[in-house]
Amino acid sequence: MTGTEPLYEKIRPQKIEDILGNEKLKEILKTWVNNKRIRSFVIWGEPGSGKSTIIRALLNDIKDLYEIYSISGALEGKKKIKSIIEKENNLFSKSKLLFVDEIHRLNKAEQDTLLLSVETGELTLIGATTENPAISINPALLSRILVFKTNELAEKDYEILFDNIEKYYGDLRIEKEARKALVEYAGKDIRRIMNLIETTKEAGNNQITLELLKDFTGYRLNYDIKSKYGFISAYIKSVRGSDPDAAILYLAYMLESGEDPMYIARRMVILSSEDIGLADPNAINIAVSAMVATEHIGYPECYLPLSEATLYLCACPKSNSSYLAYAQAKEFISQNNFEIPAKLINPLNKTMQKQGFGLNYKYPHDYGGFVKESYMPEGFEKLQFFTPKDIGVEKRIKERLKELWKDQKKY
């Protein structure tokens with residue numbers, strides 16, 4: 001241990017039973033420890049959600065059972081993995097266990113290096129990641145391991161955390177309102193909570209109050225979950241209502257209160273399709289560009305693309321026709337059974353050809369780009385879900401569809 005070791009390292013639980021929350025996962029891990037057999041798994045969750053704490057506690061409990069190796073997926077790759085796998089065993093060797101932090105950083109080839117050893121049981125693999133394993137880990141490797149997700153701590157778990165911190169320092173007291181504010185300020189990030197407490201203590205404060213936290217963070221610590229949803233609702237309704245001044249006000253308040261900019265950016269992309277849609281198809285491009293820029297720039301400069309996109313979306317004509325069309329199609333599916341017309345299904349073999357699949361399908365490009373015949377299931381040819389509106393670009397879309405489908409569809 002060094003003098004620069006952060007608080008979250010100093011009071012990190014050393015045994016599985018001391019871990020806060022995640023009770024179901026703890027039960028599984030304790031069963032494995034008692035049975036002296038650990039299965040390969042990956043655990044994922046938000047930064048600071050306790051992934052490393054859980055794994056390190058497990059490794060402490062099984063250090064006498066396994067030859068444990070730890071690597072970082074961001075810093076070490078195929079060469080290091082192969083050296084661990086190829087390390088020769090002798091009569092007294094213990095089974096190998098490899099912990100890969102940030103396992104999502106391993107590329108496909110590096111992940112493939114683990115496949116055979118994990119499958120044969122020669123190597124037990126444990127991974128930690130902030131990315132969804134279904135996306136970040138190769139399907140071949142994913143099928144050979146279990147996947148667990150960290151859960152957010154309950155209120156009682158946070159109280160235990162704060163009590164443990166007070167006990168560690170001895171002379172520190174964290175007031176009730178300050179505890180609540182810390183949880184709301186840091187979200188799910190336990191590490192962030194402890195870093196802020198440690199900083200205030202190092203500054204000579206033995207009493208952490210709400211006012212003290214406001215001075216330290218510069219954020220409005222009364223911006224809680226209820227406020228969050230109230231402000232994002234006001235923001236979305238202001239954009240939908242084409243009021244740029246109100247939208248900018250709520251955007252600024254959320255950002256200055258410490259809201260995650262990516263949360264706002266994602267909501268912006270959603271409303272660009274739900275509330276603007278085909279009235280201005282470029283709206284979603286603007287919103288997605290702002291989201292990508294926000295992800296790469298981060299706070300505080302991300303306010304620039306977010307502001308620009310907000311003002312553009314406010315000025316756009318509004319239409320919810322694409323949202324309504326999908327909603328009606330979804331409702332239809334829940335109430336009706338139907339079959340795809342045989343002419344729309346490509347025949348994969350001669351038997352399917354004989355059964356009529358693909359028969360009478362007319363390739364539109366052979367007919368000037370359009371053939372006036374229905375693609376709907378039999379019996380539902382006249383059913384319509386999409387009703388375009390006379391606004392913005394959507395008006396031109398409506399006029400074209402009306403011309404194409406005259407006498408067959410009502411536009």
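Visitor: What makes the crossing of α9 and α10 right-handed or left-handed?

Guide: The crossing of α9 and α10 is right-handed. The rule: right-handed if the near helix is turned clockwise from the far one by less than a right angle, left-handed if anticlockwise. This is a predicted model: local features need pLDDT of at least 70, side-chain atom pairs count only at pLDDT 80 or more, and totals for chains, interfaces and linings use all residues. Residues are numbered from 1 along each chain as its sequence is written, and side-chain values use heavy atoms, without hydrogens and water.

Visitor: Why is α9 called roughly perpendicular to α10?

Guide: The axes of α9 (residues 155-169) and α10 (residues 176-186) cross at roughly 115 degrees and come within 11 Å. Roughly perpendicular covers 65 to 115 degrees, so α9 takes that label against α10.

Visitor: Which residues of α9 and α10 meet?

Guide: Tyr158, Glu159, Phe162, Asp163 and Glu166 in α9 meet Arg179, Leu182 and Val183 in α10. Contact means heavy atoms within 4.5 Å. The classes are four nonpolar, no polar and four charged.

Visitor: What makes α2 roughly parallel to α3?

Guide: The axes of α2 (residues 23-35) and α3 (residues 51-62) cross at roughly 20 degrees. Roughly parallel means under 35 degrees, so α2 and α3 qualify. The crossing of α2 and α3 is right-handed.

Visitor: What is the largest nonpolar core?

Guide: That core has 24 residues, with Tyr235, Val239, Ile264, Met268, Leu306 and Leu313 having the most contacts inside it. A nonpolar core is a set of buried Ala, Val, Leu, Ile, Met, Phe, Trp, Tyr and Cys residues joined through side-chain atoms within 4.5 Å. α15 gives the most, with seven residues.

Visitor: Why is serine 242 called partly exposed?

Guide: Its relative accessibility is 35%. Buried means under 20% relative accessible area, exposed over 50%, and partly exposed in between (1.4 Å probe, protein chains only). Serine 242 therefore counts as partly exposed. It sits in the loop between α13 and α14, and its phi is near 60 degrees, a positive value in a residue other than glycine.

Visitor: Why does asparagine 360 count as exposed?

Guide: Asparagine 360 has 59% relative accessibility, so it counts as exposed. Its phi is near 70 degrees, also positive.

Visitor: Which peptide bond is cis?

Guide: The bond from tyrosine 299 to proline 300, with omega near 10 degrees. Proline 300 is in the loop between α16 and α17. Most peptide bonds are trans.

Conventions. Axes are lines fitted to C-alpha atoms, for helices over the stretch in contact, and angles run from 0 to 180 degrees between N-to-C directions. Helices (H or I, at least four residues) and strands (E, at least two) are DSSP runs, numbered from the N terminus. Angles under 35 degrees count as roughly parallel, over 145 as roughly antiparallel, 65 to 115 as roughly perpendicular and the rest as oblique. Ala, Val, Leu, Ile, Met, Phe, Trp, Tyr, Cys and Pro count as nonpolar, Asp, Glu, Lys and Arg as charged, and the others, Gly among them, as polar.
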